[in-house]
Amino acid sequence: MEKSRNGNQITGTSLSRRRLLQASAGGAMAAGTSRFSFPSYARAQDANPLNDIFGPGGVEGGEGVSIQGGMNLAMTGQGAFFGDVMSKGALLAAEQIGAAGGPAITITINDHQSGETPPSVNGVRKLISQNKISFLQTSYGAPSEALIPILQQNKVLTFNGGGASPKQLFQDYLWMTRMVFAYDPTPGALNWLAENHPEAKRLATIGTLENGVEALEQLAPKIWPEYSDGGEIVIKEIHDVGLTDFSQVIARVKSSTPDAIFTVSFGNDLGYMVKQFREAAVDIPIVGIEFTQDAQTIAGELYDTFVFATDYYDTTNPNPWNLEFVKAHQEKYDKDPEYYGANYYEQVFMIWDLMRRVLAEDGDPLSGEALQQAMIQNPVFKSVYGGDAETVGEMSFDPEAHTVSKPMGVFAVKGGKPELLQQIPTELVPPTEKPA
Amino acid sequence: MAVGWTNPSNRPSFVSERRSWDESRARVIDIQLVTQLLVSGIVIGSRYALVAVSFGIIYSTTQIFHLAHAGTYTIAAYAAVVIANMLGAPLWLALLVGLLAAVLFGALMELGMYRPMRRRSATKLAMFLASLGLSIVISSVVQIIFGPQNLSLQRVPNATYFVGNVTITSLNIAEIVVGWTAIALLLLFLRKTQYGRAINAVRTNPQVAMAVGISVDGIYLLVMAIGSLLVGMSALLFLMGNVAFPTMGLAPILVGFIAVFLGGTENVLGAALGGFALGLATSLSGIWLAGDFASVVVFGILFIVLVFRPQGLLGRAAV
């Protein structure tokens with residue numbers, strides 16, 4: 001077997017006329033550029049649909065460059081599902097980029113143990129000092145917020161496509177690649193609730209202290225009375241992340257006799273919560289801000305009563321890049337990608353795009369500072385969200401707030417799968433305010 | 001099924017006039033809230049009691065902090081899921097296999113880990129560390145084999161019953177009935193059977209028990225099997241209403257451990273009552289405290305008991 005420069009193994013095949021011609025053409029170019037491994041280069045140039053979308057590989061695509069990336073994920077504990085899908089997305093992207101004639105991207109994963117700050121900080125320090133990472137993909141709110149000084153000191157370009165929180169905005173080197181968790185979709189969620197359940201005035205809110213706190217404590221109480229024409233928040237319940245028994249929460253919520261429930265809880269907690277509310281015969285609307293298949297497994301058919309608002313990823317989106325992504329994910333992992341996997345997959349392609357731009361300016365593609373500068377100069381990137389059958393979607397970043405704009409919608413769970421009820425108009429997205 | 005709070009005229013008349021928790025605290029007791037929390041507390045208390053007894057019988061007899069008990073919990077659940085989901089077996093068989101897997105795993109830990117360590121005069125601390133390490137290894141191996149995703153059993157029916165606005169499900173009732181039946185049978189076993197008396201003898205003084213011909217190793221194996229059976233029951237009761245996941249055993253065993261110390265480490269009844277009291281207190285704290293205070297309540301109670309009554313509620317003071 002031969003190895004390409006990015007470490008991927010290529011099985012040997014018999015030499016056909018076509019391959020001889022390809023190899024000769026590739027060899028001529030390689031000789032001119034002092035780079036070898038032209039068989040894989042030639043094959044990538046000819047066969048890879050990602051090159052049609054992102055541009056050619058080779059020198060301008062960063063082939064021959066090795067870049068170290070890090071991930072800071074929940075690989076163990078209650079949130080291990082998130083780490084699993086996120087890492088799968090990123091590793092697939094790295095593999096595809098290498099095959100498309102891009103740089104060799106090596107990703108090392110740190111486990112923050114489902115949101116613990118000390119392993120997050122210690123692990124990322126190690127990634128920076130020992131692995132010399134140029135970029136980081138982080139997740140969750142609190143463990144990412146704790147990294148801000150380290151990332152800025154070491155100029156590591158960092159993306160968070162999971163627990164994007166207001167405290168992470170306007171931070172140098174830290175960029176959100178999803179709408180701000182809970183905060184951005186809250187107006188859309190509550191507006192849908194008020195429009196579709198005008199009788200609902202008394203709202204119960206439920207969440208955790210890990211993320212979504214601002215939505216629960218500041219935004220919802222401010223906008224619900226207006227949207228519901230005089231409604232009020234009758235109870236705000238905070239629970240521990242990872243709770244499996246919601247009986248106490250349910251009892252307290254029941255006693256406040258709400259007409260609807262709005263929750264910013266996430267992950268498996270949502271599955272247990274919705275299931276147990278319905279088993280307690282609480283049939284009022286429950287609206288949240290997230291959907292995961294794992295939560296649906298917990299609640300089963302009872303999850304078909306749940307509505308949520310988010311920048312939801314749709315596997316059936318006919319966007320050409322999305323089709324390639326879904327196909328590759330199914331081939332490699334034997335399952336469809338889901339929301340968080342898509343976000344972290346996109347992030348690695350953003351890095352490739354940024355490296356191209358830096359290389360085009362004869363800059364250092366391994367420099368976090370150069371990569372961020374390229375991002376600020378042109379904050380538009382291709383996306384697996386949006387687009388249509390002819391065009392790849394796009395996402396654009398606010399160069400000051402470091403937030404992203406992606407389409408959001410309100411969805412109902414039907415038959416265990418999300419179904420779009422309505423798009424959330426952009427005027428309902430709350431303005432991004434710089435913290436004092 | 002719903003009470004229909006969206007229609008104000010359907011609201012039960014005994015609901016307090018107060019409408020918001022931000023108003024004065026607990027001036028008027030919400031009867032519905034207290035009753036629901038009491039019912040939930042009995043369910044949670046029964047759940048904790050079963051786990052506490054499963055941990056307590058092992059600890060009180062062998063003096064081992066058997067944290068790998070969390071692994072037994074997990075293995076019972078996953079064994080049931082494998083049999084039911086992957087082999088298509090009926091629910092009763094899956095549950096039976098789950099219990100068997102728990103017992104076998106417990107026995108294996110005694111034969112393969114604790115007994116050899118005892119023979120080599122390992123300290124209790126060493127056994128605790130080995131047990132801790134094994135519990136982490138088990139959850140990691142389970143995650144590697146099955147992945148971090150949740151796995152559920154075939155849909156287990158779970159009807160909801162009402163008493164006014166207070167609700168309880170059929171699985172909740174099963175937890176109470178199965179849990180206390182198992183505890184009662186264990187207490188009878190310990191008091192009325194030859195093996196039970198042998199366990200009590202070893203618990204009281206293993207050297208004297210050995211001197212009168214009781215096989216201490218055999219008793220240790222027996223209590224490990226019994227404790228594993230009980231924790232397997234607890235795991236399967238949880239699984240029937242929820243899902244299996246790799247770290248599912250850690251939280252219940254931690255609670256069981258706390259409950260044993262709360263009730264007294266010397267006897268099974270103490271462990272049961274400690275677990276029940278802990279569950280009830282945790283639930284009833286919801287009259288005044290929000291849900292995120294639950295762990296504060298649990299450890300707060302433990303702290304208070306350890307400071308003022310270190311032998312536990314039913315334990316005897318050291319002389």
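In which sense do strands S5 and S6 of chain A pair, and over how many bridges? Strand S5 (residues 135-138) and strand S6 (residues 157-160) of chain A pair in the parallel sense over four bridges.

This is a predicted model: local features need pLDDT of at least 70, side-chain atom pairs count only at pLDDT 80 or more, and totals for chains, interfaces and linings use all residues. Residues are numbered from 1 along each chain as its sequence is written, while chains are lettered from A and ligands numbered from 1 in the order in which they are written.

**View 1. The parallel sheet of chain A.** Five strands make an open sheet in the order S4-S3-S5-S6-S7 (chain A), with parallel pairing. Strands pair if DSSP finds at least two bridges between them. Helices (H or I, at least four residues) and strands (E, at least two) are DSSP runs, numbered from the N terminus. At the edges are S4 (104-111) and S7 (174-176) of chain A, each pairing on one side only. Neighbouring strands are turned by 25° against each other on average, direction ignored. Within the sheet, Phe135(A) stands opposite Leu157(A) in S6(A).

**View 2. Helices across the sheet.** Helix H4 (residues 80-99) of chain A lies across S3 (66-73), S4 and S5 of chain A, at about 170° to S4(A). Helix H14 (residues 339-360) of chain A lies across S3, S4, S5 and S6 of chain A, at about 165° to S5(A). Axes are lines fitted to C-alpha atoms, for helices over the stretch in contact; angles run from 0 to 180 degrees between N-to-C directions.

**View 3. A hairpin in chain A.** Strands S16 (residues 409-414) and S17 (residues 417-423) of chain A pair in the antiparallel sense over six bridges. Lys414(A) has Lys417(A) as its bridge partner in S17(A). Two residues lie between the strands, and Gly415(A) in the turn has a positive phi of about 60°.

**View 4. Where chain B touches chain A.** Here 41 residues of chain B are in contact with 37 residues of chain A (C-beta atoms, placed from the backbone, within 7 Å). Helix H1(B) gives the most to the chain B side, with six residues. The predictor gives the complex an ipTM of 0.87 and a pTM of 0.84.

**View 5. Confidence in chain B.** The mean pLDDT (the predictor's confidence in each residue, from 0 to 100) of chain B is 87, and 90% of its residues reach 70 or more. Over residues 1-27 of chain B the pLDDT is below 50. Where pLDDT is low, predicted coordinates should not be read in detail.

Methods: Contact = placed C-beta atoms within 7 Å.
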